[in-house]
Amino acid sequence: MINKIITSVFFTIFFSCSAAANLTHEQQAARDKGIALYNQSDWYDSQPLLQIAAEAGDQKAQYYLAEAIRLSKRYTTTEAKKWYEAAAEQGDLYAMLRLSNDDDLCIDMGTCTGRSSGEWRQQALKIARERAEKGDTEAMTVLYTARQGLGWLEKAAEAGDSYAQTLLASAYKDGKGWFLIPGNREKAVEKWYRASAEGDYAPGMFFYANFLYEHNGNDAEVGYWLRKTAEAGHIDALGSYSLNIAHLPERYGLPLDLVKAYGLTYLLSKLEGGGTAPEDARRNLPVIAEKMTDQEIKQGVAFAKEWEKTHPPLSYFDPIYGY
């Protein structure tokens, strides 16, 4: 009983604090660059930058630093666990979910010391329910992620959460939920992908474009959403869009623009994280260049540099609580 009281007081103290640290300009810049690299699957180079903000007490940096360490090492190391705990102590629900995972290699290695996974799960569900009852859509999504029912995700989607809308559409597409009339499932998938896309959520736009393509949608509409997704920095969309505007081949009525195509492909080729996008871009770059003059290639590189200044950082947009 005493331990439970101490734990309750401990969490109350930390959860009453602001989740975001007061970062200096340099610390904020390091955090933003670190998260950008993390979202490009560059789990190694992101760590020193994230650590700057994590040590300053920034909850988001602490969570992403722990994720970067876990993904680069392929299990939850002692260092990763330290940063998950730091984020969890500030109320980060996804960090609590990571700490509640009882399938991690660190258990077999005997390095998962401290509060048990069961205790973290109990705490995560308790706090998530409290927040969800107050309308917190992230907490609703966390409850769904923690296998507390599809209804929580449906509530988050209905409340306008674009991330939840994409997850819900994908869940329906994978056969979750119950529909009396079979055709209504497909209608629900389209509805929620479209809602997420119209909320300017990049993965929602990407999935909606794919849905339209798979269901023989209007080519011009597919091209519109592909362009929008590319402009939002979605790496996979950017690769497809650049090939289309280079007419290699062109499917959606997009005008030929070799300078732009070269510039976007050049950007992708410079990525140093995981995924096949950088390799594909390096292979496609000379193919596009064959159709261009030297001057146009120089213009393409200049276009890439300007694009970086005026658009969001390139990202794979992996889920917050992903693999």
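How many helices and how many strands are there in the protein chain? The protein chain holds 18 helices and zero strands, where helices (H or I, at least four residues) and strands (E, at least two) are DSSP runs numbered from the N terminus. The model is a predicted one, in which local features need pLDDT of at least 70 and side-chain atom pairs count only at pLDDT 80 or more, while totals for chains, interfaces and linings use all residues. Residues are numbered from 1 along each chain as its sequence is written, and side-chain values use heavy atoms, with hydrogens and water left out.

Consider the chain as a whole. Its C-alpha trace spans about 75 × 55 × 35 Å along the principal axes. The protein chain has a radius of gyration of 22 Å, which agrees with the value near 20 Å that a compact globule of 323 residues would have; this radius is taken over C-alpha atoms, and the globule rule is 2.2 Å times the number of residues to the power 0.38. Of the 323 residues, 46% count as buried, a word that means under 20% relative accessible area, whereas exposed means over 50% and partly exposed lies in between (1.4 Å probe, protein chains only). Among contacts (heavy atoms within 4.5 Å) between residues at least 6 apart in sequence, 57% join residues at least 24 apart.

From the side of helix H14 (residues 219-231), which contains Ala230, the picture can be followed residue by residue. Ala230 is buried, with a relative accessible area of 0%, and, leaving aside residues up to four places away in sequence, Ala230 touches Ala237, Leu238, Tyr241 and Trp307. Met205 is 25 residues away from Ala230 in sequence, and their C-alpha atoms are 9.5 Å apart in space.

His247, which follows H15, has a positive phi near 60°. In the loop between H15 and H16 lies Pro249, and the peptide bond from Leu248 to Pro249 is cis, with omega near -10°. Asn216, in the loop between H13 and H14, is a residue other than glycine with a positive phi, near 55°; Asn216 is exposed, with a relative accessible area of 72%. Phe317, in the segment after H18, also has a positive phi, of about 55°, although it is not a glycine, and Phe317 is partly exposed, with a relative accessible area of 26%.

Where is there enclosed space? A search of the whole structure finds one cavity of 30 Å³ or more, a cavity being a set of points on a 1 Å grid over the protein atoms alone where a 1.4 Å probe fits but cannot get out. The largest cavity holds about 80 Å³ of space, where grid points are joined across faces, edges and corners and a volume is the space filled by probe spheres set on the points. Its lining residues, which have an atom within 4 Å of a point, include Tyr38, Trp43, Arg98, Asp318 and Tyr323. By class, the lining has six nonpolar, two polar and three charged residues.

Conventions. On a 1 Å grid over the protein atoms alone, a cavity is a set of points where a 1.4 Å probe fits but cannot get out, and a pocket is an open set with protein on both sides within 12 Å along at least five of seven lines; lining residues have an atom within 4 Å of a point. Ala, Val, Leu, Ile, Met, Phe, Trp, Tyr, Cys and Pro count as nonpolar, Asp, Glu, Lys and Arg as charged, and the others, Gly among them, as polar.
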